[in-house]
Amino acid sequence: MNAPAPKPVHLVCNAHLDPVWLWQWEDGLTEAISTFRVAARFCEKHEGFVFCHNESILYETVEQADPDLFQHIQKLVQEKKWHIAGGAYLQPDVNNPSGESHIRQILLGKNYFRSRFGVEPTTAYNFDSFGHTEGFPQILKGCGYDSYIFCRPPVDTWDLPVGAFHWIDRSGSSVVARRSDDHYQTLRANMYEKLEKWLAHFQDEDISLILWGIGNHGGGVSEQDFAELQRFVADHPEYRFIQSTPENFFSDVKRAATVLPRVHGPIERNMPGTYSVMSRVKRAHRRAESAILALERLASLSWWIDSQPYP
């Protein structure tokens, strides 16, 4: 009797980094440059390794502050050692901004990535957004995405299928989504323990995905995590590990032709008190949304009465 084929496990290395959280933007930029430099060296050193990162705002700031590093990243993207993931301007609060805000920030991000790297991601991800409103599949679908990865709300607070599922809103729009129950980081160099725990959790999934990368708000790859990964690979021939990207994972899931569960409605909510921490920023965003909508109405009226061309 033939032994079963090793189970595919897609490893997606990332570095979650909020440009501005409880610090000044200069600190976020410094952390982005440091994280990107380490990741670029890692891509060159380790054959087959792929680093994934999103948020065009971080690439823009690196382009301005360290042009040599930026050109190095462009080269790595061409060589498929560095993957442009997500594709939006930043990882947003999915609950409070309007649909138009989401559409415009995705437009900004995708236009930037097309112009600088010649790529357009088709898998959206928001690893650290605290809940996902019902209409979000329609926005993602309309912006050219067919799949979505997220981590919150976590597995112990919101019941979802283990593994990939069709997320459908009331418009009928849908994307193939997956909550990464393992979360997005490998804190304190616990790569071996993370793989041991979460591959057991994902045992019924035909094709699995594990997110890894040290720290929160920067950090990314580490030699210690990578060594732990190699040790786990040697100890567990029942798995076939793939240094991968979100798009490659979902491509494999779709090729497997498995009937996926269907989830309707919002996926809410996580740590609601967090919204009050940055309430000043969120109020300012709301005011900006109102101002731009008022400006758009006036511009439309001016065009309608042949007074001014529409900008």
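A cavity is a set of grid points where a 1.4 Å probe fits but cannot get out. The legends below describe close-up views of a predicted model.

View 1. One cavity of 30 Å³ or more is counted. The largest cavity holds about 110 Å³ of space. Its lining comprises 17 residues, and those closest to the cavity centre are Ala88, Ala124, Tyr125, Asn126 and Tyr145. At least two lining residues come from each of α4 (99-117), β4 (123-126) and α5 (136-142). Sorted by class, the lining of this cavity consists of nine nonpolar, seven polar and one charged residues.

**View 2. The largest pocket and the residues around its centre.** The space within the largest pocket amounts to about 1200 Å³. A total of 40 residues line the largest pocket, and Leu90, Gln91, Pro92, Asp93 and Lys282 are the ones nearest its centre. Helices α4, α9 and α10 (279-304) each contribute at least two residues to the lining. The greatest contribution is that of α10, which provides nine residues. By class, 19 residues of the lining are nonpolar, eleven are polar and ten are charged.

**View 3. The second largest pocket.** A volume of about 250 Å³ is found for the second largest pocket. The pocket is lined by 15 residues, with Lys80, Trp82, His83, Ile84 and Val119 closest to its centre. Two or more lining residues are supplied by each of α3 (67-78), β3 (82-84) and α8 (246-255). Strand β3 gives the most to this lining, with three residues. The lining of the second largest pocket is made up of seven nonpolar, five polar and three charged residues.

View 4. Asparagine 270 lies in the loop that runs between β10 (262-264) and α9 (274-277). Asparagine 270 is classed as buried because its relative accessibility is 6%, and the cut-off for this class is under 20%. The side chain of asparagine 270 forms a polar contact with the side chain of arginine 152, at 3.3 Å. When neighbours within four places in sequence are set aside, the residues in contact with asparagine 270 are Phe130, Arg152, Pro153 and Pro154.

Note on methods:
Residues numbered from 1 in each chain as written. Predicted model: local features only at pLDDT ≥ 70, side-chain atom pairs only at ≥ 80, totals over all residues. Heavy atoms only, no water. Helix = DSSP H or I, 4+ residues; strand = E, 2+ residues; numbered from the N terminus. Buried < 20%, exposed > 50% of the residue type's maximum accessible area, 1.4 Å probe, protein only. Polar contact = N/O pair within 3.5 Å; in protein donor to acceptor, adjacent residues only side chain to side chain. Contact = heavy atoms within 4.5 Å. 1 Å grid on protein atoms, 1.4 Å probe; cavity = no way out; pocket = protein on both sides within 12 Å on 5 of 7 lines; lining within 4 Å. Points joined across faces, edges and corners; volume = space filled by probe spheres on them. Nonpolar A, V, L, I, M, F, W, Y, C, P; charged D, E, K, R; others polar.
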